[in-house]
Amino acid sequence: MGGKFGTEQPAGVDGAGSVDPLSAVRFGIPRRPRRYVDRPRLNKRLDRGAELPLTLVSAPAGSGKTALVAAWAAARRAATGRGIAWLTLEEQDVPAAMFLAEVVEALRRQGVVLPGARDDTADAHSQLLTELATALALRTHPVTLVLDGYEIAGAEQSSDLDFLLQHSDQRLHVVILTRVDPALPLLRYRQAEIITEIRMADLAFTEAETARLIHLSRISVRSDSVTALTRRTRGWAVGLRFASMYLERSDDPDEAVAHLAGDSGNIAQYLSVEMLRTQSAEVRSLLLRTSVVDVLQPGLIEELGGPSAGQTLVSLSAGNVLVEPLPDHPGWYRYHPFLRDLLRAELAYESPRQRQQLLKKAADWFAREGLLEAAVGLASEAGAWSDASAYVVDGLAIGAVLLGDDSCGVYVTLRKMPPDVGDPAARVVRAALALTDRDTAWCTRELEQACTSLVPESDHDQAVELAADIVRTVCSSLTGDPRTALLADLAEQKLGTRDRRKLAAHPELALLIRAVKARALLQDGDIAGARAALVAAVGAVVPGYENLTAACLGYLALLDSAEGALRDAREWAARSVALTECAGVLAEWPPAATEIALAGVSIERHELRDGDDHVRAAMRSFDACDEPVLQARAAVVQARLLEARGALDEAMALVEAAADRTGVDIGWPARPLQVEAAKLKVAQGWPDEAARMIEQLDDRTDAVGTLVLGQAHLQRENWTGVAASVSRILAQGNEMPLQATVGARLLEAAYELHRGESGRARTAVADAVRLARPEELRRPFWEAAPAVRQLLESDPELVGQNPWLRPVLGPRTRTVRIRTAAAPGRADAEPIIEPLTPKEMEVLGHLSELLTTEEIALEMYVSVNTVRTHIRNILRKLAVSRRNEAVRRARALSLIPA
């Protein structure tokens with residue numbers, strides 16, 4: 001109320017001219033509080049309201065109602081020279097006669113000529129009311145009356161006030177300050193457009209106003225701390241004032257903002273006195289029971305508070321008890337953060353067991369509604385980790401754990417699960433978490449223990465078994481298990497038997513299984529099967545899992561780039577990049593598969609600078625680390641870049657290192673490396689060794705390998721072998737990669753030139769150009785035999801009709817070495833051959849922040865030994881011996897910000 005600030009003027013002057021201090025408090029405009037923040041936006045609202053009969057300022061205690069209107073009234077009085085009547089209501093003013101008498105006195109002090117006192121009878125009261133309305137209507141200028149603390153007024157007082165508003169010919173402007181809406185016909189006033197309303201949302205401090213208050217308090221904080229403080233207090237005036245007092249006493253105000261709460265100190269005392277003590281025992285109990293959740297919604301309200309809880313919250317919201325209805329969500333409520341803090345603290349103190357029961361009850365409700373993150377969070381808060389794990393498993397949400405990251409609330413919460421929770425569902429969840437750390441051994445141990453006590457007839461155990469099968473499938477894909485594709489098929493079959501409603505809620509499971517199956521088939525060399533699985537996986541984008549869909553699109557681009565379908569590869573890659581950008585996922589870069597595919601397209605088109613950029617981006621991507629297919633394709637792409645610049649020895653070393661690193665000697669990861677190594681042997685002048693390498697391939701029908709064999713025969717001038725290689729490739733029709741078809745035609749041209757058949761040779765070159773034109777495939781022409789290149793360049797008509805070939809015509813230039821782009825002001829940095837894993841990248845970031853091994857372990861929720869292993873791998877991969885050297889090299893390579 002206004003009286004707590006003191007008054008600006010000696011308004012309590014009696015008939016003898018002396019000052020009555022008590023009257024001064026009741027009838028005087030309160031002084032502005034110390035460090036008052038002027039609020040022009042609200043002053044304008046009050047100015048506009050002064051043109052109407054009524055302004056209603058209705059908000060909870062401590063919202064700054066009195067301070068705002070007092071400052072406005074004082075400024076308006078100074079600007080207009082007219083007084084403003086002010087009445088601060090007290091308990092003794094409740095009787096209607098007393099209320100009217102005080103209103104008369106307040107108006108008299110501002111020069112309103114009124115009749116003398118009357119008998120205390122009903123007729124006298126009515127007559128006084130009429131005469132007062134008449135006196136007001138006869139005034140030349142309107143008079144403003146402020147009624148502060150109007151929440152104590154009842155229906156009779158409001159009836160009198162309504163009479164005055166209706167019969168004073170708009171010469172009376174009333175400003176009501178109240179904690180609860182008055183018993184006035186507000187709807188009628190709104191329809192007649194004779195009311196201005198200012199509520200809690202209007203009174204809430206903006207960030208700019210908070211910043212001014214902090215400045216007046218001489219506290220220095222960052223702008224993000226001002227934002228956090230405004231959000232935490234919801235702009236509640238008294239909360240901000242108490243917060244500023246708290247920050248003044250703090251050595252680190254920015255840090256103190258993060259610890260600001262409503263469960264202790266001045267804020268807690270104010271809330272207890274002004275909010276909780278005014279409520280009945282039943283209402284207080286309801287507030288305590290419903291405080292365990294952040295947002296209350298229909299169904300949950302009744303679950304926690306009982307059948308009538310919803311109606312009580314409606315009343316509390318209307319009564320301005322810091323119970324806020326959520327816009328656009330009828331029947332939804334939330335408590336002010338400070339009030340919620342206090343309620344939770346009192347509940348934990350008074351009844352810790354009831355608190356745990358309420359948390360579990362709320363968690364069960366959210367789980368039934370399919371709101372997994374809230375269910376898991378509440379169960380974990382109650383220490384019910386078995387329940388939290390069961391929600392994940394029964395709800396078919398194991399994919400949220402397997403695909404989770406630090407932005408996923410379920411993932412972050414479950415990582416805090418204690419290791420001694422031993423039920424099967426918890427073990428399966430821990431197994432999934434182990435895979436996010438690439439710890440397949442731990443995952444396998446947890447799965448083995450999880451499945452020892454399952455009962456097939458139990459629906460819950462069946463869900464556990466399915467989750468275990470999915471986790472096992474992903475684990476097998478990471479270990480290179482040849483059974484991965486079969487396990488994926490079995491998991492997908494089991495998935496199809498589960499509840500359709502739950503399946504519809506978790507489409508990421510089917511996406512995950514298909515993605516894992518596709519990678520396994522690709523590693524096995526089943527290109528057609530892998531393509532089919534990938535196409536099925538990208539059929540529909542799963543919200544929240546765009547990164548996995550983007551990766552699958554990247555793999556499709558990778559397949560097409562390897563087969564020479566360069567336009568299709570670019571289209572798949574463009575979809576992957578667009579999905580990444582729209583969803584804001586995968587940090588700054590698209591998936592590694594996408595970048596490797598784009599690098600491959602650039603190299604096939606002999607756009608080497610673009611190829612460099614995409615290779616560097618791929619090396620920075622997070623998923624290029626332990627995937628044999630990606631490792632192999634990245635090595636092939638890098639080797640071709642090196643070869644195009646003449647760095648043959650470096651290209652060979654890179655390919656050999658990649659072959660050792662993948663640890664795979666058959667299937668799609670191995671074959672491109674073997675073929676690329678043989679091709680480099682030809683370029684180095686070792687055709688016999690190249691031929692032996694091709695003849696040792698597991699697939700003798702490989703068209704690209706046959707082309708390399710033909711090139712080796714060409715270098716050895718084994719023309720019979722050249723002709724045989726060409727025939728074998730062309731006999732395969734359109735099923736082979738475009739690079740092989742175009743290369744075979746150019747090889748055929750060399751053979752015909754040897755035979756002296758220049759016409760046939762020109763025809764073969766023209767066919768090669770015709771086949772390559774739609775994709776702008778240039779690399780085969782760059783690598784063609786000198787005689788063939790000379791033949792092409794000597795045909796001005798063919799060259800003129802195909803200007804896209806010009807970048808690969810003319811003298812071939814070579815450089816000895818390729819380097820990655822260095823950061824500005826730094827020396828060139830050699831490219832790393834083996835990229836870092838996601839966890840190694842995370843550890844590297846912490847190293848750059850100068851965190852110790854123990855601090856990194858705490859940040860990542862892993863053991864110190866695990867962190868040490870990551871650090872050893874980082875030092876090995878970056879070819880350094882110290883942590884600070886690793887950070888410097890990583891910055892030079894643009895792996896972390898400089």
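**Entry 1: a pair of strands**

I noted what a pair is here: two strands pair if DSSP finds at least two bridges between them. Helices (H or I, at least four residues) and strands (E, at least two) are DSSP runs, numbered from the N terminus. β1 and β4 have five bridges and pair in the parallel sense.

Before going on, I wrote down that this is a predicted model, where local features need pLDDT of at least 70, side-chain atom pairs count only at pLDDT 80 or more, and totals for chains, interfaces and linings use all residues. Residues are numbered from 1 along each chain as its sequence is written, and side-chain values use heavy atoms, with hydrogens and water left out.

**Entry 2: the rest of the sheet**

In which order do the five strands of the open sheet stand? I read the order as β2-β3-β4-β1-β5, with parallel pairing. The edge strands are β2 (85-88) and β5 (195-199), and each of them pairs on one side only. On average, neighbouring strands of this sheet are turned by 10 degrees against each other, direction ignored. As a reminder to myself, strands of a sheet pair through backbone hydrogen bonds, either parallel or antiparallel.

Then I went through the other pairs:

- β2 and β3 (residues 143-148) run parallel and are joined by four bridges; Leu87 stands opposite Leu147 in β3.
- β3 and β4 also run parallel, with six bridges, and the partner of Asp148 in β4 is Leu177.
- β1 is joined to β5 by five bridges, again parallel, and Val57 stands opposite Ile198 in β5.

**Entry 3: what covers the strands**

I checked burial next; buried means under 20% relative accessible area, exposed over 50%, and partly exposed in between (1.4 Å probe, protein chains only). How many of the seven residues of β4 are buried? I found seven of seven. Both faces of β4 are covered: Leu172, Val174, Ile176 and Thr178 are buried on one side, and His173, Val175 and Leu177 on the other. For β5, four of its five residues are buried.

I also saw helix α6 (residues 155-167) lying across β1 (54-58), β3 and β4 (172-178), and running at about 150 degrees to β4. Axes are lines fitted to C-alpha atoms, for helices over the stretch in contact, and angles run from 0 to 180 degrees between N-to-C directions. Contact means heavy atoms within 4.5 Å.

**Entry 4: two packed helices**

Two packed helices are described by the angle between their axes and the distance between the axes. Helix α45 (residues 838-848) packs against helix α47 (residues 864-877) at an angle of about 90 degrees, with the axes 9 Å apart. That makes α45 roughly perpendicular to α47; angles under 35 degrees count as roughly parallel, over 145 as roughly antiparallel, 65 to 115 as roughly perpendicular and the rest as oblique. On the α45 side I listed Lys839, Glu840, Val843, Leu844 and Leu847, which meet His870, Ile871, Asn873, Ile874 and Lys877 in α47.

Is Ile871 buried or exposed? Ile871 has a relative accessible area of 8%, so I put it down as buried. Not counting residues up to four places away in sequence, Ile871 touches Val843, Leu847, Thr853 and Arg883. Ile871 and Thr853 are 18 residues apart in sequence, and their C-alpha atoms are 9.0 Å apart.

**Entry 5: two more residues**

I picked Ser272 in helix α13 (residues 265-276). Ser272 counts as buried because its relative accessibility is 16%. Its contacts, not counting residues up to four places away in sequence, are Arg277, Leu342 and Glu346.

Ala75 lies in helix α3 (residues 65-80), and with a relative accessible area of 46% Ala75 is partly exposed.

**Entry 6: the whole chain and its confidence**

I counted 48 helices and seven strands in the chain. Of its 898 residues, 53% are buried.

I ended with pLDDT, the predictor's confidence in each residue, from 0 to 100. The chain has a mean pLDDT of 86, and 90% of its residues reach 70 or more. Where does pLDDT stay under 50? I found residues 9-18 and residues 813-829. Where pLDDT is low, the predicted coordinates should not be read in detail.
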